[in-house]
Amino acid sequence: MGQVYNIYCDESCHLEHDDSKVMVIGGIWCSKNKIKYISDKIKDLKIKHGIKPNFEVKWVKVSPNKIEFYSDMIKLFLKETDLHFRCLIVSDKTKLRHFDFNQDHNTFYDKMYYLMLCNIIDTSNSYNIYIDIKDTHTNEKSKILAKYLRNKYYDYNCNIIQKIQPVNSSEIQLMQLVDILIGAVSYINRDLKSSEAKLRITKELKEQSGLALNHSTSFFSKKINIFVWDPS
């Protein structure tokens, strides 16, 4: 096999009946041998901005008094060539027709997770996939996801998908970075404007990446890869 990569996954507004029509599922991937280096960089940024290294930073915590920290997190992601981001955006959950496809919302969510990951996987490499613990069903969901991904790639010896493991995002620096990126993409696609601090971060991400972040990118885009899935 080639290189070993870690993928850190999270989502925003994934519930069927919440206050958002938009759902975003995404992941950051990075070669395994660079994880400690990147994690230490994030810890250094926290210390620089007066944040404890083990404090969990999240998109919902973006505020004016820590705006420079979140700005630096965006710059770190864009600067580090080993970091890549992929997300799938469901444009309007109200248009979903679960009955027509003999599924419930949870099954649909699992299908979108699978679809998001498929574009990341290169069968010449190996992957450890980490998903944020949401509830008591997360462990079972991770096993089902691993089963379908391995079947897709005929990976019966688990050489490609080495593991899919639920983790606590508060303990992993890169899980916190993906939360920020997904939060920013969700904020843009929901057309929210309630926070000046969040507006600044989304503006910086758009300008520095050169992407609108509410349209699909090229299928082969690697730094930031976006797929907008339209239910209609």
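1. Helices α2 and α6 pack through two sets of side chains. Ile67, Glu68, Tyr70, Ser71, Ile74, Lys75 and Leu78 in α2 meet Ala197, Arg200, Ile201, Glu204, Leu205, Gln208 and Ser209 in α6. Contact here means heavy atoms within 4.5 Å. Helices are DSSP runs (H or I, at least four residues), numbered from the N terminus. This is a predicted model, in which local features need pLDDT of at least 70, side-chain atom pairs count only at pLDDT 80 or more, and totals for chains, interfaces and linings use all residues. Residues are numbered from 1 along each chain as its sequence is written, and side-chain values use heavy atoms, with hydrogens and water left out.

2. Geometry of that pair. Two packed helices are described by the angle between their axes and the distance between the axes. The axes of α2 and α6 come within 10 Å and cross at roughly 20°. Axes are lines fitted to C-alpha atoms, for helices over the stretch in contact; angles run from 0 to 180 degrees between N-to-C directions. α2 and α6 are therefore roughly parallel (angles under 35 degrees; over 145 is roughly antiparallel, 65 to 115 roughly perpendicular, the rest oblique). Their crossing is right-handed: the near helix is turned clockwise from the far one by less than a right angle.

3. The other partner of interest is α1 (residues 35-48). Its axis and that of α2 come within 10 Å and cross at roughly 160°. That makes α1 roughly antiparallel to α2. The crossing is right-handed. Lys41, Ile42, Leu45, Lys46 and Lys48 of α1 make the contact with Phe69, Asp72, Met73 and Leu76 of α2.

4. Which residues of α6 are buried? They are Ala197, Lys198, Ile201, Thr202, Glu204 and Leu205. Buried means under 20% relative accessible area, exposed over 50%, partly exposed in between (1.4 Å probe, protein chains only). Exposed Glu196 and Glu207 sit on the face turned away from the buried side.

5. The length of α6 checks out. Its 14 residues (196-209) should span 20 Å at 1.5 Å a residue, and the end C-alpha atoms are 20 Å apart, which agrees. The expected span is 1.5 Å times one less than the number of residues. Just after α6, Gly210 takes a positive phi of about 75°.

6. A separate site: Asn106 lies in α3 (residues 105-118). Asn106 counts as partly exposed, at 45% relative accessibility.
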